[in-house]
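These are my notebook entries on one structure. I set down what I looked up, topic by topic.

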Amino acid sequence: MTTDAAAVPDWEMRFRAPRVSLPDWAEDAPDRALFVSNATGTYELYAWDRSSGRQRQVTDRPNGTTDGVLTPDGEAVWWFSDTDGDEFGVWMRQPFGGGEDEPAAPGLAPSYPAGLAIGRDGSAVIGRSTDEDGTTIHLVRAPGAEPVEIYQHRESAGVGDLSHDGTLIALEHTEHGDAMHSALRVVRPDGSTVAELDDTEGGTKELGLAVLGFAPVAGDTRLLVGHQRRGRWEPMIWDPVAGTETALPVDLPGDVGAEWYPDGSALLVEHSFEARSELWRYEPGAPEPVRVETPAGTVSGATARPDGTVEYLWSSAERPPVVRSTSGAVVLDPPGAKAPPSVPVQDAWVEGPGGRIHALVQKPAGEGPFPTVFEIHGGPTWHDSDAFASGPAAWVDHGFAVVRVNYRGSTGYGRAWTDALKHRVGLIELEDIAAVRDWSVASGLADPERLVLAGGSWGGYLTLLGLGTQPDSWALGLAAVPVADYVTAYHDEMEALKAMDRTLLGGTPEEVPERFEASSPLTYVDAVRAPLYISAGVNDPRCPIRQVENYVDRLAARGAVHEVYRYDAGHGSLVVEERIKQVRLELEFALKHLGGGAVVGAPGPEAA
């Protein structure tokens, strides 16, 4: 990707500037690493020999590739091959140094992925999900060997991890019917059960568990797991063979995750609290963890190296991401122009119907009230943080304030806040968004006549639902890859999301039709008055195109002001120019209907 940086406006440059993910390294060959980069203009996988410095592009596909894993010996890269972003495909295998791709498990038909663990002996445990069979998990004992099914269930499940010696397999499953709270099962390679851990009490109690990883030491059967027993995510050590559980004195507010140091002597603790994150080191048996110094902001991923240093991907709303080390070095610095900074984020705490709501605010120079974009995050079990985001920065560059709301259902504020999202789906989140909207106007931040409701995925869903249920509150809507017609979306979406919807709404559209109707944007489409822009991927398995078309047809039938942009990808795009085009179209739509000048930078050929 070659671009004259001097001719590119800042908002575009933030998308075009080369980025890299946190490198993942091979357990038994730590100088061999795998990372994702947009250096060519499309996000693809890259192999990196750290000893020589050589980097090599592994994948090269029109719609990009981000899912890849190194084998423990570092000899091969497994990567997931779907069709134009539809997330339905097979695992491929390529030599680390380059060569032809080949199917990694040729006996398995295409599916949605449900986890992968690769053993030191060449074996692999592969999770699959299909509409016909639900979840199946297969053991492939050697490259090219016939897969053996070791697990099957209609409800969603996945591969958690494989022990160091390959004798234990940890699975996460939701056989109890609650897709938001997994139980754990450890099995042998023949599928026989070693131990169970279930905090849901058969689905009667809403407590989840998560696999964080087996101890990386031969003969060590300890498994690090995440639990919610004290109202938040925190780690503990479970030995499924010995039948013991060891609580850890990591008493930090907010949610806590962890992973092992390479020698198993300590845990690298990742702590998320009030939209920021930090790192700690904890040695089992010690009275408390020790802080690993990182700058204020968000750590999006971290890993401990064999020499004990920690590498982490850091950013803030103001500063673009960088891969750093606790040694003080920048670990991986892609060549090319750097992303321009944006403005820092400010915290707002607003009293809402379900408790205090945390919102993050960015605003341009000058005095308000400003035209304001409420950029609503997807998930719904996710949260916005003090991290660099090119989309909100683009709005600030064009004179808009941006407000991001961590509504009920968001993670990072305790289990009760996340689990509050049940049955009145969509309407609960919009109550919180409405409370923050009222605060933004009363505080003088937002111009009540120029309020934009926007978001992608679940955020796109909330945008459509909000425009229909709160028609007097919003001047304009921008919905990307949204749920628009909940019943049709349920029938067309991937099986794992069907399970999530049954959990959120308490059943299928046939079992609880009144809940699906109350939570579907299509129910309120005739009340929408604000101009509305919708973008959707024609291969999207999460928010399928047919249900979007149903909604658009209803808008068109009554002559509502709207525009629709369809693109050849899945649930979003990994192509930089396509992403820039989408943001430009949103900016142009908003400025046309709200006023405020033109989009910075002349439209390029990709916008034609």
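Predicted model: local features only at pLDDT ≥ 70, side-chain atom pairs only at ≥ 80, totals over all residues.

**Entry 1: aromatic rings**

With that rule I looked up the cluster, and I found W458, Y461, Y486, Y490 and F516 linked by ring pairs. I then asked how many aromatic pairs the structure holds. The count is 13.

I took F80 and W91 as one example: their centres are 5.3 Å apart, the planes stand at 70°, and the pair is edge-to-face. F80 belongs to strand β6 (residues 76-81) and W91 to strand β7 (residues 90-95), so this pair ties together parts that are eleven residues apart in sequence. I checked burial as well, and both F80 and W91 are buried.

My next example was W395 with F400. I noted 5.0 Å between the ring centres and 75° between the planes, so this pair is edge-to-face. Planes over 60 degrees apart count as such. Are these two residues buried or exposed? W395 has 3% relative accessibility and therefore counts as buried. F400, at 2%, counts as buried because the limit for that class is under 20% relative accessible area.

**Entry 2: charges over rings**

I looked for charged ends placed over rings. The charged end of R281 sits over the ring of Y261, at 4.4 Å from the ring centre. R437 lies over the face of W474, and here I recorded 5.9 Å from the ring centre.

**Entry 3: nonpolar cores**

I asked which residues have the most contacts inside the largest nonpolar core. They are F374, I433, I534 and Y551, in a core of 55 residues. Helix α5 (residues 458-469) gives the most to this core, namely six residues. I also noted a second, separate core of 27 residues; V373, Y567, V576 and V583 are among them.

I433 received a closer look. With neighbours within four places in sequence left aside, I listed F374, I376, V405, Y407, L453, L462 and W474 as its contacts.

**Entry 4**

I traced an open sheet of four strands in the order β9-β10-β11-β12, with antiparallel pairing. β9 (112-118) and β12 (148-153) stand at the edges with a single partner strand each, so one side of each is left without a neighbour in the sheet. Direction ignored, neighbouring strands of this sheet are turned by 15° against each other on average.

I followed one pairing in detail. Strand β11 (residues 134-140) pairs with β12 in the antiparallel sense over five bridges. Which residue of β12 stands opposite T136? I found Q152 there.

**Entry 5: the sheet from β21 to β24**

I traced another open sheet of four strands, which run in the order β21-β22-β23-β24 with antiparallel pairing. Its edge strands are β21 (255-260) and β24 (290-292), each of which pairs on one side only. The twist from one strand to the next averages 30°.

Between β21 and strand β22 (residues 267-273) I recorded six bridges in the antiparallel sense. As a last item I looked up the bridge partner of E259, and in β22 this is L268.

Methods: Residues numbered from 1 in each chain as written. Heavy atoms only, no water. Pairing = 2+ DSSP bridges. Helix = DSSP H or I, 4+ residues; strand = E, 2+ residues; numbered from the N terminus. Axes fitted to C-alpha atoms, helices over the stretch in contact; angles between N-to-C directions. Core = buried A, V, L, I, M, F, W, Y, C linked by side-chain atoms within 4.5 Å. Buried < 20%, exposed > 50% of the residue type's maximum accessible area, 1.4 Å probe, protein only. Contact = heavy atoms within 4.5 Å. Phe/Tyr/Trp six-rings, centres within 6.5 Å; stacked < 30°, edge-to-face > 60°. Lys NZ or Arg CZ within 6 Å of the ring centre and 35° of its normal.
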